[in-house]
Amino acid sequence: MLLAALAVMAAACEKKTQPAPSGEGGSQAAQGQGAAPGGAPADANTILLGQVGSLTGGQATFGISTRNGIELALKEANAAGGVKGKKLAIRVYDNQSKPEEAAQAATRLITQDKVALILGDVASSNSLAMAEKAQAAGVPMITPSSTNPTVTDKGDYIFRVCFIDPFQGFVMAKFARENLKLNKVAVLQDNKSAYSIGLADVFTRKFTEMGGKVVAVESYSQGDTDYRAQLTAIRKSQPEGIYVPGYYSEVGIIARQAREVGLKVPLMGGDGWDSEKLFELGGSAISGSYFSNHYSPDNPDPRVQKFIADYKAAYGAVPDALAALGYDAARVAVAALERAKDLSGPAVRDAIAQTKDFPGVAGTVSLDANRNAVKSAVVLKVEDGKTQYVTTINP
């Protein structure tokens, strides 16, 4: 009986951080890209990369979109001959939208799968947990869309292809003051999210510097379902707008409850809103609101429109910004692997750091001395179950 119990415990531990299952939630290895079941490349002619994403849990659409964008980029690279005469493969793990699972998955990619490079995650809290592991092991990591500044502060092996929260917070503060002409706003932030707190801090500081006034600050925790008490307190301060720098999973519900308690002012937020689920959760209550983002599918650039057409053909949907950034991150990685003198960690790290004027579909990518992308942001309006491009704000 003791031996049987130990066997069950061992099996449970083995299953804790498995590759994402086949189907909508993910794949053990990107289909058709040749990663062997044991985690090692199928042969000496394969370069194995890793991805950790939220394929289940509260931010599941983020991880799925990012995985799809990465998968598309690698398929294109392999069709063009791969890198240094080798094919590219990807090992994908689901972190269940939890930082502790993200750290465990990153460790497995490094120690068992022996990947050349890690891609992911979206949520900054998850990327922070992964970055510690990657930096300590000397394995380069590129996050497609974690915007909290401290992610790349973890060390010189950590990169991103998106703008950072100080810029994103500035973008919406500027838009609120200059475009919407708001004088008084409230802030409703997730007090357990590095992403949300960082955006709220910058927005508050910049909006105040521009002559506006933040008349109320309220907090919630990810996973909450009732925000009426906070929204009622906000209503008493009579704001002209509410900044809600959270994720779509909470923002949609917040929008409905804001209207229920009599708040008719526009909501504003960041790229964490970007999901089809936002419209499903928020319904008509989210219409008339605005958020900053990395790209707009309305961009007529032929490169962007080709990406959208290819993505729709592969996945049956218009790609969101998370898919676009996943695609860009993978392409930046491929270009760096091609430039690198060899596939060692230091060589690949140095090649990524040289990225300049890279033509991404979510904007041109140039990495600064802190390994952050310097690029523009767009502001989108939510209206009738879809987004509409409003303006571009440059650094």
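The model is predicted, so to speak of local features requires pLDDT of at least 70, side-chain atom pairs count only at pLDDT 80 or more, and totals for chains, interfaces and linings use all residues. Residues are numbered from 1 along each chain as its sequence is written, and side-chain values use heavy atoms, leaving out hydrogens and water.

**The cavity**

- The count is one cavity of 30 Å³ or more, where a cavity is a set of points on a 1 Å grid over the protein atoms alone at which a 1.4 Å probe fits but cannot get out.
- The largest cavity has a volume of about 60 Å³, taken as the space filled by probe spheres set on the points.
- Its lining (residues with an atom within 4 Å of a point) includes Phe62, Val122, Tyr195, Asp271 and Leu322.
- Six lining residues are nonpolar, three polar and one charged; Asp, Glu, Lys and Arg count as charged, and Gly is among the polar ones.
- Domain 1 (46-163 + 299-364) and domain 2 (166-293 + 380-393) each give at least three residues to this lining, with bounds from an automatic or database assignment.

**The helix pairs**

- Helix H11 (residues 321-339) and helix H12 (residues 345-353) have axes that come within 8 Å and cross at roughly 120°.

How values were computed:
1 Å grid on protein atoms, 1.4 Å probe; cavity = no way out; pocket = protein on both sides within 12 Å on 5 of 7 lines; lining within 4 Å. Axes fitted to C-alpha atoms, helices over the stretch in contact; angles between N-to-C directions. Helix = DSSP H or I, 4+ residues; strand = E, 2+ residues; numbered from the N terminus.
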